Amino acid sequence: MLKAARVYVRIVDGFNRGLGKVIMWGVFVMAAILLWSSMSKTFFSPSLWTLEVAQFAMVAYYVLGGPYSIQLGSNVRMDLLYAEWSDKKKAWFDAFTVLLLLFYLGVLLYGALNSFAYSLGHFTQEPFTFYKDLILAFLTGGPGAANEVLGFVERSPTAWRPYIWPVKLIMIIGFFLMLLQVFAEFLKDIARIKGETI
């Protein structure tokens, strides 16, 4: 297998493993938020922010933990036939299904980019033009010029009214990291087909 593929797999696996081990502690963050929510409703006046922060934490936990889950192979799989196959046949099947997953994650990433642009006040179907204009404005005129490119920044319709763009940015990062990890898994499958390991 090419040395570049081995380096790519090692870097992506290492980064996503480290991120996954940090993100897995997010379950305690969500539990603490929900515990505070219950306590504040029982003993004090209810907090406005707890439900949405718990939802945002869940998105981060799920999406940023996804690449590590893919790496571990802990996704749901039908083992009815798969368990009886040889390693080479499993590698062929995994390589084919990974291509489908790459397409699916590409569509999700495009949708997340579109949604992120919308949350920053861009309301057409051309997110990349918006990002280009935003970056050029920032590079040529600084934060003030970039602020002029932004439209009405989306906020939640609840009483607390947090900005939505941070959670949408987390989704972009998570989908991108999942794409990188899935491509690494594809390279591992190709190596298994050739009788090598990465």
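Predicted model: local features only at pLDDT ≥ 70, side-chain atom pairs only at ≥ 80, totals over all residues.
Local features were taken into account at a pLDDT of at least 70 and side-chain atom pairs only at pLDDT 80 or more, whereas totals for chains, interfaces and linings use all residues. Residues are numbered from 1 along each chain as its sequence is written, and side-chain values rest on heavy atoms, with hydrogens and water left out.

Helices are DSSP runs of H or I with at least four residues, numbered from the N terminus. Helix H1 (residues 3–23) packs against helix H3 (residues 50–72) at an angle of about 135°, and their axes are 8 Å apart; axes here are lines fitted to C-alpha atoms over the stretch in contact, and angles run from 0 to 180 degrees between N-to-C directions. H1 is therefore oblique to H3, since angles under 35 degrees count as roughly parallel, over 145 as roughly antiparallel, 65 to 115 as roughly perpendicular and the rest as oblique. The crossing of H1 past H3 is left-handed, a term for a near helix turned anticlockwise from the far one by less than a right angle. Contact, defined as heavy atoms within 4.5 Å, joins H1 residues including Val 12, Asp 13, Asn 16 and Arg 17 to H3 residues including Tyr 61, Leu 64, Pro 67 and Gln 71. By class, this contact comprises 8 nonpolar, 4 polar and 3 charged residues, where Ala, Val, Leu, Ile, Met, Phe, Trp, Tyr, Cys and Pro count as nonpolar, Asp, Glu, Lys and Arg as charged, and the others, Gly among them, as polar.

Within H1, Ile 23 is buried, with a relative accessible area of 16%; buried means under 20%, exposed over 50% and partly exposed in between, for a 1.4 Å probe and protein chains only. Beyond its neighbours within four places in sequence, Ile 23 is in contact with Ala 60, Tyr 61, Leu 64 and Gly 65, and its C-alpha atom is separated by 8.8 Å from that of Tyr 62, 39 residues apart along the chain.

Tyr 131 touches Leu 113, Phe 116 and Ala 117, not counting residues up to four places away in sequence.

Ser 119 lies in helix H5 (residues 87–119) and is buried, at a relative accessible area of 0%. With neighbours within four places in sequence left aside, its contacts are Phe 152, Val 153, Glu 154, Trp 165 and Lys 168. Val 153, in the loop between H6 and H7, is partly exposed at 21% relative accessibility, and its C-alpha atom is 46 Å from that of Ala 191, 38 residues apart in sequence.

Most residues other than glycine have a negative phi.

Note on methods:
Helix = DSSP H or I, 4+ residues; strand = E, 2+ residues; numbered from the N terminus.
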